[in-house]
Amino acid sequence: MGPLRSVVLAGGGTGGHVYPLLAFADCLRRHDPGVRITCLGTPRGMENELIPPQGYDLRTIPAYQLPRSINMNLVRTPGRMWTAARAAGKVIDEVRADAVVGFGGYVSVPAYLAAWRRELPMVIHEVNVPPGVANRLGMKFTKNVAVGFPHQPVQAESLRDARVVGVPLRRSIAGLDRAALRNAARARFGLRPDLPVLFVAGGSSGARTINLAVAGAAKELARNGVQVLHVMGARNEPVPIPTDLPVPYVTLPYLSEMELGYAAADLMLARGGAMTVAEVAAIGLPTIFVPYPHSNQEQKRNALPVVEAGGGLLVDDSEMTPSWLERTVIPLIRDPHRLHAMGAAASAYGRRDGDVALLNFVYEAVAR
Ligand SMILES: CC(=O)N[C@H]1[C@@H](OP(=O)(O)OP(=O)(O)OC[C@H]2O[C@@H](n3ccc(=O)[nH]c3=O)[C@H](O)[C@@H]2O)O[C@H](CO)[C@@H](O)[C@@H]1O
């Protein structure tokens, strides 16, 4: 048994913040089934679709959208933020939390403020360089900062003293044996076992540039025997795909069982969200990264270390065209030796134990 009785986990907005929270919750439940786990989110984020089905108690508090650069002077912290902090504090008191663990997203700030007021131990987990606005604010109140990747403390002054623990990944992904699940996964999607598969997913909300480019390359990919499994993004307008293709092209709005997509694939085409990078590296799936071009090059920084290690390719969003894809994907996906080498390089960079490493870090913080 660990030192915790009740813990509040804060994080929300996009899948990139919710999935590490869920993976951490699962790890805690596995190691210490007696701990009360309460998740904190806002009424509209993806946490509402993702957390309750996993059997965790989700409480929502009023959303307060942070400006991109927040004034770090607390005296000037807007009143609405304190209202949200009071709501977070009520939850913390009600469940008698003895620690708060935050994963970023604007729901975390009220949780950090409330924990600070109560002098509760708090731990921040950050996966991006530069750290998100919410976590930067939280870092004023605690030194217990953990990061997902070894490049983060080197590249960001504010993360210099952070502990590298890796990224908590869902067990279904961290424990994935791609080769063992491959044929079953392909059968689930109606994909053929004998032809290569390109798996396309532009992060938790999909990516329009990628969707358009792959749709434009569909005919040529199919003519060359490349099957496509394409997750368009649930909140994205679907892009029409030619119908009379000679090999399967499967589209989905969203894929909850992401491990099946990873297992079916020989090559992935993705954005550079930190969770995606952590997942494909952990399972050794060769990936073409097309980082989201805004937000301070955040996604390029996420993907670059895997690419430099030899585990993937990087292409600018502005170059993501059907002809680039045809020229790049067709020869690569038919070259098993190159794919194998890329996969091995990716998995040497990735790690599968981020959930346990973060849990140990939280136990240490609570014991201090
Ligand atoms: C545009 C933007 O600001 N994106 C940020 C956002 O990305 P975003 O929310 O897209 O997150 P990531 O790419 O990091 O993670 C996506 C997560 O959703 C899962 N998934 C995705 C599609 C699907 O159909 N099914 C599914 O389960 C993936 O397996 C992964 O776990 O949060 C990341 C983590 O803070 C940041 O690094 C990104 O820069």
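Colleague: What makes the backbone nitrogen of glycine 104 and the side chain of asparagine 135 a polar contact?

Modeller: The nitrogen lies 3.4 Å from a polar atom of that side chain, and a polar contact is a pair of N or O atoms within 3.5 Å, one able to donate a hydrogen and the other to accept it, where residues adjacent in sequence count only if both atoms are side-chain atoms. This is a predicted model, in which local features need pLDDT of at least 70 and side-chain atom pairs pLDDT 80 or more, while totals for chains, interfaces and linings use all residues. Residues are numbered from 1 along each chain as its sequence is written, and side-chain values use heavy atoms, leaving out hydrogens and water.

Colleague: Why is asparagine 135 called buried?

Modeller: Asparagine 135 has a relative accessible area of 1%, and buried means under 20% (1.4 Å probe, protein chains only), so the term applies.

Colleague: Which residues does asparagine 135 touch, not counting those up to four places away in sequence?

Modeller: With contact meaning heavy atoms within 4.5 Å, asparagine 135, which lies in helix α5 (residues 133–138), touches Phe103, Gly104, Tyr112, Ile124, His125 and Glu126.

Colleague: How do you know how compact the chain is?

Modeller: The chain has 15 helices and 13 strands, taken as DSSP runs (H or I, at least four residues; E, at least two). Its radius of gyration over C-alpha atoms is 21 Å, and the globule rule (2.2 Å times the number of residues to the power 0.38) gives 21 Å for 368 residues, so the chain is as compact as a globular protein of that length. Buried residues make up 59% of the 368.

Conventions: Buried < 20%, exposed > 50% of the residue type's maximum accessible area, 1.4 Å probe, protein only.
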